[in-house]
Amino acid sequence: MKAITLAEYGGPEQMAWEEVADPAPAAGEVVIDVVASAVNRADLLQVQGNYPVPPGASEILGLECSGRISALGEGVTSWKVGDEVCALLAGGGYAQKVAVPAQQLLPIPDGVSLADAGGLPEVACTVWSNVFMEGRLAAGETFLVQGGSSGIGTHAIQVATAFGARVAATAGHPDRLRFCRELGADIVIDYHDDVAEELKKATDGRGADVILDNMGAKGLANNLSALARDGRLMIIGMQGGVKAELNIGALLAKRGHISAMGLRGRPVEGPHSKADIVAGVREHVWPLFAAGTVRPVVFERYSMADAADAHRRLADGGVVGKLLLLNPDA
């Protein structure tokens, strides 16, 4: 099979579409003939050498995919060869075939194409695990998503709206703010402004019950200011750095909760596992696609052989939703 390989860490120029060995399914795994994968910020970090591969995971890029099952490992009984699926991966998605634990598979949601489903598992599992499992967002609460026009953001806006939350979203351009509102955001804020101050104006001074943040250090102080009493700040990214001062007094005054949770390094099954998250997504989120309440947001499609160009496009900024990578031979 062919896959994207890295000559060394650096930039997209290190990526090449080359022949590699086919994967074989271990016990409890399946092999998927990949139709599509998608580019995530974590993939850019991995190319730079800043996102280590978990022990035992594929060194090939790609944290999600869609395709058809072509082989079953020992003990897999809930799926069959030929099933069309999408999957949450610890790596290996930028390839024509990938082996994945059966617990990380999802059926293709009703109303979604096989290719478009390749950009769903990572965003759906990230949002479900952070905003709902850990963040406990409830109907009637205010939810702020930083970077509302991103892949994570466009999905989070739709799902939070479907669950009855009042949604606020940030973006850096009027067109992207308008798109966030079209997806269901009640409040849109230019992130070049004082987000906390603008959110308080829109919520009678209360702020957000749950915040989903991709910036990390750079946004910490303002997120804390934007947090409502008993609010939950969920940090999922480090685009704004890794170190910042925390005003513990302000956090105590708000009875605030700060959580920073990754997805890739979680165990396959057991407490806090990928299996639990995937099961929650299948039960609670997938029906929203069938109902037409939530839809994939795809910005551009690239041949997987041109993954380096897709990485450059994401790094340039301005992408709304996901960039898909399509297997040229699927």
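Buried means under 20% relative accessible area. Keep that in mind as we look around this predicted model.

Q: How many residues of strand β11 are buried?
A: Strand β11 covers residues 208–213. The rest of the structure largely encloses this strand, because its buried residues number 6 of the 6.

Q: Which strand is joined to β11 by 3 bridges?
A: The two strands run parallel. Within this pairing, Leu212 in β11 is the bridge partner of Val145. The strand joined to β11 by 3 bridges is β8, residues 142–145.

Q: Which helix makes a β-α-β unit with β11 and β12?
A: β11 and β12 pair in the parallel sense over 5 bridges, and Asp213 has Ile235 in β12 as its bridge partner. Together with a helix, the two strands make a right-handed unit. That helix is α6, residues 220–226.

Q: Is Met234 buried or exposed?
A: Met234 is found in strand β12. Residues that Met234 touches include Val210, Ile211, Leu212 and Asp213, and also Asn130 and Ser259. Its relative accessible area is 0%, and the cut-off is under 20%, so Met234 is buried.

Q: Where does Leu246 lie, and which residues make a nonpolar surface patch with Leu246?
A: Leu246 lies in the loop between β12 (227–235) and α7 (248–253). With a relative accessible area of 37%, Leu246 is partly exposed. The patch has an area of about 370 Å², and the residues that make it with Leu246 are Ile248, Leu252 and Ile258.

Notes:
Residues numbered from 1 in each chain as written. Predicted model: local features only at pLDDT ≥ 70, side-chain atom pairs only at ≥ 80, totals over all residues. Heavy atoms only, no water. Patch = residues over 30% accessible without salt bridge, like charges linked within 9 Å, V, L, I, M, F, W, Y side chains within 5 Å. Areas by Shrake-Rupley, 256 points an atom, 1.4 Å probe, with all protein chains shown as cover. Salt bridge = Lys/Arg side-chain N within 4 Å of Asp/Glu carboxyl O. Helix = DSSP H or I, 4+ residues; strand = E, 2+ residues; numbered from the N terminus. Buried < 20%, exposed > 50% of the residue type's maximum accessible area, 1.4 Å probe, protein only. Pairing = 2+ DSSP bridges. Right-handed = clockwise from strand over helix to strand, strands pointing away. Contact = heavy atoms within 4.5 Å. Lists of a residue's contacts leave out its neighbours within four places in sequence.
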